[in-house]
Amino acid sequence: MKLLVTGGAGFIGSHFIHHWLEHHPDDALINLDKLTYAGNLMNLQDIEKDPRYTFVKGDIADRETVFSLVKEVDIVVNFAAETHVDRSVMGVEEFIRSNVLGTAVLLDAVKEYGKRMHHVSTDEVFGALGPEDPPFSEITPYAPRNPYSATKAASDHLVRAYYYTHGLQITISNCSNNYGTHMFPEKFMPLFICNLFEGKKVPVYGDGLQKRDWIWVDDHCRGIEAVIEKGKIGETYCFGGGGDIANIDVVKMMIELTGRDESFIEHVKDRAGHDRRYDVDYTKAKTELGWEPSVRLREGLSEMVRWYKNNPDWIEQCCSGAYQDYYKKQYEQR
Ligand code: NAD
Ligand code: TYD
């Protein structure tokens, strides 16, 4: 089989590419990535010369590029997106272009050539849970509440609309917060780990009692693989890590694992429209795909802390250029 993976230079996409090539030795794979600030070819350095792997720098919203590549493959696996909620609060245009228009262009190409597409999405499309609400599942109505999740919801709706309207061979997965190695240090866990190593305070939004469900990135990649291999066309599958936890409790774990103390915690102004709680019920994935998460939070977090400690060059490369500008702006606005 030949795959077109979009956004493969990012966090989850690069883990997926490694996973797929390791477990499917006869397959070939094209990685189409625009290399935004979040795309990093260092993530794929070890497979650069693998004859089964090709990298194309390009935009999923560029019809010509997309049509020429989709024609060559059996399936598109769409990871490409703008993904950071805080950036979407500052401006949504790029999110609309990549997440909504980009997905539409991929769908048009998949339709034109009669191919299959798996669309990678987030549990954030379901909105925010109250303290006593049951976790999100495949039947939870969509209710996105921040600009990022609104664009992801729009892309999911388009994918499903192409299934009903044009009979496209699609599947969708909605996953909780991923964590793991190679995660860009603007997101909660890697930002906090890097700050703690550098002896800087960690900016906890508001009271820190917001809850998230955390899934180890490679568990997510196994889930996507299971959908590609065993999922039913037209269906959605939810993936989660096994239960929600308050941000402040995760912060305390990171503090312990980096050998710091709680004086490094700084409560800062809360994020606008901050969703209070996410959690995911993955019963459908378990019963229909035989999938379950395998890494517990403490175990994964220890691995992550070890990796960030041992990879200063990777961090250095991320923390330059566009990232620095963004970071400065964030702090100025606080
Ligand atoms: P990321 O920000 O680390 O990587 C995104 C990648 O997409 C980057 O390599 C970037 O260069 C590329 N990209 C962005 N716009 C593009 C465009 N127009 N054309 C081509 N490439 C483009 O993101 P991630 O955390 O790896 O997330 C991947 C996917 O998984 C996203 O669709 C995201 O919505 C979804 N998701 C993420 C999480 C999470 O916790 N990170 C959870 C659930 C779902
Ligand atoms: P994030 O990694 O941005 O993922 P998402 O908002 O998509 O869930 O944030 C995870 C949680 O951590 C979220 O509740 C916001 C919080 N957070 C902070 O408290 N401080 C920070 O500096 C960041 C980036 C996030």
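1. A polar contact here is a pair of N or O atoms within 3.5 Å. Leu35 meets that cut-off: one of its backbone N or O atoms lies 3.4 Å from an oxygen atom of ligand 1. The model is predicted, and the distances below should be read as such.

2. Two further contacts involve oxygen atoms of ligand 1. For Ile12, a polar backbone atom is 2.8 Å from an oxygen atom of the ligand.

3. The shell around ligand 1 holds 29 residues, and the closest are Ile12, Asp33, Thr83, Tyr148 and Lys152. By class, the shell divides into twelve nonpolar, twelve polar and five charged residues.

4. Which elements each supply at least two residues of that shell? They are helix H1 (11–23), strand S5 (116–122), helix H5 (147–166) and strand S7 (177–179). The largest share, three residues, comes from S5.

5. Helix H6 spans residues 188–198, and nine of its eleven residues are buried, so the rest of the structure largely encloses this helix. The buried residues are Phe188, Met189, Pro190, Leu191, Phe192, Ile193, Cys194, Asn195 and Leu196.

6. Just after H6 comes Gly199, which takes a positive phi of about 75 degrees.

Note on methods. Residues numbered from 1 in each chain as written. Chains lettered and ligands numbered in written order. Predicted model: local features only at pLDDT ≥ 70, side-chain atom pairs only at ≥ 80, totals over all residues. Heavy atoms only, no water. Buried < 20%, exposed > 50% of the residue type's maximum accessible area, 1.4 Å probe, protein only. Helix = DSSP H or I, 4+ residues; strand = E, 2+ residues; numbered from the N terminus. Near = heavy atom within 4 Å. Polar contact = N/O pair within 3.5 Å; in protein donor to acceptor, adjacent residues only side chain to side chain. Nonpolar A, V, L, I, M, F, W, Y, C, P; charged D, E, K, R; others polar.
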